[in-house]
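Good morning, colleagues. Please have the sequence and the model in view.

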Amino acid sequence: MDFILEERNREFALEGHRWFDLRRANQKQIIHMISGNEYILQPNDVRYTIEIPQQAKLNNPSL
């Protein structure tokens with residue numbers, strides 16, 4: 001599995017699929033370095049789930 005994730009990381013590096021791959025593979029944590037700062041997304045963090053936009057909720061209350 002590690003080989004597949006690394007290969008996908010190289011293949012889709014600039015296409016925005018990395019975050020979804022990490023979530024799908026149930027990684028324990030996601031670590032990003034941005035401008036010298038380290039950001040860690042821990043397991044069960046609410047940021048693992050992308051919230052439905054408010055406009056979509058207003059258009060469809062059943063969401």
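From the N terminus on, the elements of the protein chain follow the order α-α-β-β-α, that is, 3 helices and 2 strands. Helices (H or I, at least four residues) and strands (E, at least two) are DSSP runs, numbered from the N terminus. The radius of gyration is 15 Å, well over the 11 Å that the globule rule gives for 63 residues, so the protein chain is more spread out than a compact globule. That radius is taken over C-alpha atoms, and the globule rule is 2.2 Å times the number of residues to the power 0.38.

A word on the basis of these values. This is a predicted model, in which local features need pLDDT of at least 70 and side-chain atom pairs count only at pLDDT 80 or more, while totals for chains, interfaces and linings use all residues. Residues are numbered from 1 along each chain as its sequence is written, and side-chain values use heavy atoms, with hydrogens and water left out.

Along its principal axes, the C-alpha trace spans about 40 × 25 × 20 Å. Of the 63 residues, 14% count as buried, where buried means under 20% relative accessible area, exposed over 50%, and partly exposed in between (1.4 Å probe, protein chains only).

Let us turn to the strands. Strand β1 (residues 30-34) and strand β2 (residues 37-41) run antiparallel and are joined by 5 bridges; two strands pair if DSSP finds at least two bridges between them. I30 stands opposite L41 in β2, and M33 has E38 of β2 as its bridge partner. The hairpin of β1 and β2 has 2 residues between the strands, and there S35 takes a positive phi near 50 degrees.

Is M1 buried or exposed? M1, in the segment before α1 (2-11), counts as exposed because its relative accessibility is 62%.
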